[in-house]
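Welcome, and please open your viewer with side chains shown. We will go from stop to stop, selecting a few residues at a time.

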Amino acid sequence: MLSKAIRNETDLDEAMKYLLLDDFSAYGDEASMFAKIQKMISDNTYSFVTPMRYVKVLSVLPEENQPQDGRIAVYAIGADGVSSTFLDINRCRGNCTWVDAGEEDKGGAQDKRDMGDILKVALNRLLVKTIPGSSFYPVINGQRADNQEVVQELKRTRLMFQIDSKVYIISQLALATLGQRIELKGKAIQEPALERDIFIARRMQSDKNVQFIIKAANGLGKVFMAASGTYKPLSMTAIERIYHIFKEESGIGEMKCEGWEIDHSVSRIRFVFCNYEKTQDMAYLYGLSEEEAAVPGVEIISSDIGDYAFTIRGFWKLKRGYLYADEVSKKHSGDIDEAKIVDEVKHTIFERYTLLPDRFMELLETDITPPCVQEAAVALRDAQQAVIDAKTACKETPDSAVTCAVETLAQVEKHASRQFKAHMKLLQEIVKKVMKEITTSSLQYKKDWTERVTADLNPAAPYTAYDVMTLILDTQIIARSDETAEKMRKTMTRLPYLEYGKYRDAIIEKFALFGTRKELENKRAEKEE
């Protein structure tokens with residue numbers, strides 16, 4: 001399904017129809033809608049602990065072998081000796097072949113009958129059974145539940161568990177954690193096959209406990225995680241309680257929702273603190289527009305099926321991107337003290353909000369563009385205007401003033417072109433230098449990202465260190481996985497603390513840009529005076 005935008009109660013009800021699909025997801029901008037969908041999902045989520053040996057594996061047959069009347073055909077693989085099933089079948093086949101080959105002795109016929117009985121018992125262990133279609137399409141409030149997409153998904157993943165008399169569909173998302181419980185890793189557990197399911201059943205003949213995290217809807221239950229017995233589920237509504245504590249006690253400013261998204265893996269919501277005094281002062285001092293000024297915020301991430309119960313991290317919202325800062329995380333183990341977590345957030349995230357604006361202001365005062373480039377840009381604009389003024393003054397009859405203005409413009413353009421070319425080289429090399437501090441999935445990806453950043457550079461415009469930093473942070477991260485993108489974001493937290501001024505000077509000297517070193521120092525000294 002496509003991610004569902006949630007704007008009202010109708011959208012909520014529509015989205016919840018697809019709760020059991022593996023690709024269920026929703027997003028929105030209103031915190032109230034986020035709280036409601038979280039509660040609805042939480043109310044439909046439960047867990048229980050059971051010894052693994054109590055689980056019967058139901059291996060769903062391939063689509064081409066399924067009945068056409070709505071029933072689901074499965075191999076029921078229980079605790080009655082999975083590995084011995086194939087041993088008995090192979091032994092029977094071997095003995096039957098030996099008897100059929102004409103071995104004549106008094107016990108031959110009896111042996112054949114014995115082998116036949118053993119084979120019958122062995123085959124019965126893997127007897128195909130069918131589950132009525134009504135089990136997947138129960139009648140609720142007088143209407144047949146619409147679970148067709150869930151059933152189609154089941155026919156692709158081809159795995160269910162039966163515990164006591166209850167049957168649960170196994171989500172593709174649960175296979176990784178199931179593999180951890182039975183020590184089956186990699187692609188082997190992801191590929192639907194009878195051999196995989198027999199192995200799962202065999203490894204689950206253990207007294208170890210497993211905890212299943214289950215979501216229920218339309219009369220069906222689906223396992224989304226197979227956790228250890230010590231796993232501590234966290235209600236997804238905890239994120240709402242923590243938000244309200246922040247709203248009352250942060251002391252930073254009014255909280256505004258910046259958007260949220262939710263799927264089976266995580267719930268994520270972002271808030272910014274409007275009217276933060278330090279950033280307002282920074283915007284006023286340096287003439288920054290509302291979208292140019294960095295605004296502090298907090299992101300709260302909650303998961304009932306991930307490694308961490310939740311993560312709270314600070315960030316700074318820029319023009320189009322985010323600069324992430326410190327974070328506080330809590331795993332699904334031990335008791336969760338929400339008040340203690342909020343106190344930790346205050347000391348590790350909120351208190352440091354007062355520090356970064358000072359560093360931002362230092363970056364705003366660090367000019368990357370040399371004065372000679374700005375002078376060339378001004379001279380070019382003046383020369384272009386002089387030509388326009390001269391032509392206007394003489395109307396349709398060109399005179400010497402126009403000729404002189406045009407000749408001057410040509411000289412100015414030539415000089416400005418050299419300055420802009422050197423400036424572009426400086427900016428490109430600084431971006432490359434900064435990008436070395438960011439971890440990416442490959443060198444090619446870093447090269448592509450660098451090209452996307454430098455493509456928007458304007459060599460005629462002045463740049464500060466703050467401008468270079470925000471250019472990189474505002475460029476969209478394109479990664480193959482969320483895990484890779486997360487690693488990249490974490491390494492980007494160091495960008496405000498890099499020595500941009502030293503980078504600038506080293507690059508100018510290395511490539512002999514803008515003339516000699518002495519000339520540059522003299523111009524900088526004149527500007528300071």
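Are E153 and K222 buried or exposed? Select the pair and look: E153 is buried, and K222 is buried as well; buried stands for under 20% relative accessible area, exposed for over 50%, and partly exposed for what lies in between, with a 1.4 Å probe and protein chains only.

Before moving on, a word on the model: it is predicted, so local features need pLDDT of at least 70, side-chain atom pairs count only at pLDDT 80 or more, and totals for chains, interfaces and linings use all residues. Residues are numbered from 1 along each chain as its sequence is written, and side-chain values use heavy atoms, with hydrogens and water left out.

**Stop one: a salt bridge**

Keep E153 and K222 selected. Their side chains meet in a salt bridge, at 2.5 Å from N to O; the term asks for a side-chain nitrogen of Lys or Arg within 4 Å of a carboxyl oxygen of Asp or Glu. Because E153 sits in helix α5 (residues 148-157) and K222 in strand β12 (residues 220-228), the pair ties together parts that are 69 residues apart in sequence. Helices (H or I, at least four residues) and strands (E, at least two) are DSSP runs, numbered from the N terminus. The structure holds 26 salt bridges.

Now select R270 and E299, whose side chains form a salt bridge of 2.8 Å, N to O. This pair links distant parts of the chain, with R270 in strand β14 and E299 in strand β15 (residues 295-302), 29 residues apart. R270 is buried at a relative accessible area of 15%, and E299 is buried at 0% relative accessibility.

Which residues belong to the network? Salt bridges that share partners join E261, R268, R270, E299, R313, E327 and K490 into one network.

With 19% relative accessibility, R268 counts as buried. Leaving aside neighbours within four places in sequence, R268 is in contact (heavy atoms within 4.5 Å) with F34, G259, W260, E261, E299, I300, I301 and R313.

**Stop three: helix α2**

F34 leads us to α2, where M33, F34, A35, I37, Q38, I41 and S42 are buried. Helix α2 (residues 31-43) has 13 residues and reaches 18 Å from its first C-alpha to its last, close to the 18 Å expected at 1.5 Å a residue; that expected span is 1.5 Å times one less than the number of residues.

**Stop four: the nonpolar cores**

Next, select M160, F246, W260, I312, F360, I472 and Y500: they have the most contacts inside the largest nonpolar core, which has 112 residues. Such a core is a set of buried Ala, Val, Leu, Ile, Met, Phe, Trp, Tyr and Cys residues joined through side-chain atoms within 4.5 Å. Helix α13 (residues 400-435) gives the most to this core, with 14 residues. Apart from this core lies another, of 25 residues, including V55, Y168, I189 and V223.

Finish at I472: not counting residues up to four places away in sequence, I472 touches V431, V434, M435, I438, W449, V453, M492 and L495.
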